Amino acid sequence: MRIGMLVALSGPFASLGENLVRGLELALAEVNAEVAGRQLAVHVEDSAGNPDQALAKARQLVERDRVHVLAGVTLSSEAGALRDYVVSSGVPLIVSNAGLPGLTRDPNMRSSLIFRVSFANGQHEAPFGRYAYEKLGFRRVVLTGLDYSAGHDKVGAFGKHFQAAGGTIVGEVYAPVDTTDYGPYLQRIAQYDADGVFAFYSGVDAVRFVQQYAEFGIEERIPLFGSGDTVDESILQEQGEAALGYVSSSHYAVLYDSPENQELVRRTRERYGVVANQFVYQGYVTGRVLVEALAAVEGAIEDTARFLEALRAVRFRGPTGEFRFHPESQGAIITVFIRRVERLPSGELGNVVLDVIPEVDDVSF
């Protein structure tokens, strides 16, 4: 059985793709890469975060390598580029990261062939909007993020629900992907009369933005908080002291105290020498979903209709609790974790869990 894993392994989002592959490997290792007597072979291709390259690599995986299922997909733009090809080719796709909302929310875009184990952009930021107003006490907030679809989706979902709770958005500032100098954008942020800045940045952009925000001195007047992507464990140690105190929402928390999560964290460190993170988690869940569905059909992945039905029925106890797909969208129903970056007894930085919002789907926000 052949799995095509398509992720960004070069460019500013390379760390995301690398960790997605690690998670998949961990899940398959639990069954020695074998289900119902059939070996699982993974074919990994680099999309470089480029929609055109993602489509070309997907064609290669399907038409040359003859994979039975596609997985991965790092960016929303890549997911949008792949959608029509996946539908026309009839090859199932399990999205491990890309949060393009319409892929699971829009009846004209979703497909019985497409599942997502991560989140729709805004799925964990939406409930955080009300939480930030009611529990954290923010009233006047600046929104800032990367100037691409995911940035606008995530920031927009938070803003919509923050305003619905009674808060005020005083300004919005977006920066291009792979910005080196955030000075001009930070100057604009500093001009607003706000009591908080909600941020979504990812990968190397998150490292630069958080560090430069601290260097700019705005933190003393306007606290920085936001999406969990901005302080993911894959980049948190690199951000250093600048990230301390950052409160965020995420669908994953390394420090969540469940036996399943503790085991994932242990195995990640043991095998790769790194702390687990949301991308390792998503890759792991991708693998678990595949294994569970394949076991249900006794390895008969070539029977697409039966395999899709098995995917829809997947349910298991994972690192963040019970995993299952929403029956309409085929996106994951997630647990939302509210976390704060603190210095741990080990000396490392970590996202300490403050609160939990259970059972958040990708169609009602």
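## Cavities, sheets and a helix pair

The structure holds two cavities of 30 Å³ or more. A cavity here is a set of points on a 1 Å grid over the protein atoms alone, where a 1.4 Å probe fits but cannot get out. This is a predicted model, in which local features need pLDDT of at least 70 and side-chain atom pairs count only at pLDDT 80 or more, while totals for chains, interfaces and linings use all residues. Residues are numbered from 1 along each chain as its sequence is written, and side-chain values use heavy atoms, with hydrogens and water left out.

- The largest cavity has a volume of about 110 Å³; a volume is the space filled by probe spheres set on the grid points, which are joined across faces, edges and corners.
- Among its 17 lining residues, Thr74, Asn97, Tyr148, Phe200 and Asp229 are the closest to its centre; lining residues have an atom within 4 Å of a point.
- The lining of the largest cavity is made up of nine nonpolar, six polar and two charged residues (Ala, Val, Leu, Ile, Met, Phe, Trp, Tyr, Cys and Pro count as nonpolar, Asp, Glu, Lys and Arg as charged, and the others, Gly among them, as polar).
- For the second largest cavity the volume is about 40 Å³, and its lining consists of Glu219, Leu224, Ala242, Ala243, Leu244, Gly245 and Tyr246.

**The five-stranded sheet**

- Five strands, in the order β4-β1-β5-β6-β7, form an open sheet with parallel pairing; strands (E, at least two residues) and helices (H or I, at least four) are DSSP runs numbered from the N terminus, and two strands pair if DSSP finds at least two bridges between them.
- β4 (41-46) and β7 (114-116) each have a single partner strand, so one side of each is left without a neighbour in the sheet.
- From one strand to the next, the twist averages 20°.
- Within this sheet, β5 (residues 69-72) and β6 (residues 93-95) run parallel and are joined by three bridges, with Leu70 opposite Leu93 in β6.
- Helix α11 packs on the sheet, where it touches β1 (2-7), β5 and β6, and its direction makes about 150° with that of β6; contact means heavy atoms within 4.5 Å.

**The seven-stranded sheet**

- Another open sheet has seven strands in the order β9-β8-β10-β11-β12-β15-β16, with mixed pairing.
- Its edge strands, β9 (168-175) and β16 (349-360), pair on one side only.
- Four bridges link β12 (residues 247-250) with β15 (residues 334-343), and these two run antiparallel; Val247 has Arg340 as its bridge partner in β15.
- Lying across β8 (140-146), β9 and β10 (196-200) is helix α7 (residues 183-190), which runs at about 175° to β9.

**The hairpin**

- β13 (residues 315-318) and β14 (residues 321-324) run antiparallel, joined by four bridges.
- A hairpin of two residues connects β13 to β14, and Phe316 stands opposite Phe323 in β14.

**The α10 and α11 pair**

- The axes of α10 (residues 259-272) and α11 (residues 278-296) come within 11 Å and cross at roughly 105°; axes are lines fitted to C-alpha atoms, for helices over the stretch in contact, and angles run from 0 to 180 degrees between N-to-C directions.
- α10 and α11 are therefore roughly perpendicular to each other, a term for angles of 65 to 115 degrees.
- In this contact, Leu264, Arg267 and Thr268 of α10 meet Val280, Tyr281 and Tyr284 of α11; by class these residues are four nonpolar, one polar and one charged.

How values were computed. Angles under 35 degrees count as roughly parallel, over 145 as roughly antiparallel, 65 to 115 as roughly perpendicular and the rest as oblique. On a 1 Å grid over the protein atoms alone, a cavity is a set of points where a 1.4 Å probe fits but cannot get out, and a pocket is an open set with protein on both sides within 12 Å along at least five of seven lines; lining residues have an atom within 4 Å of a point.
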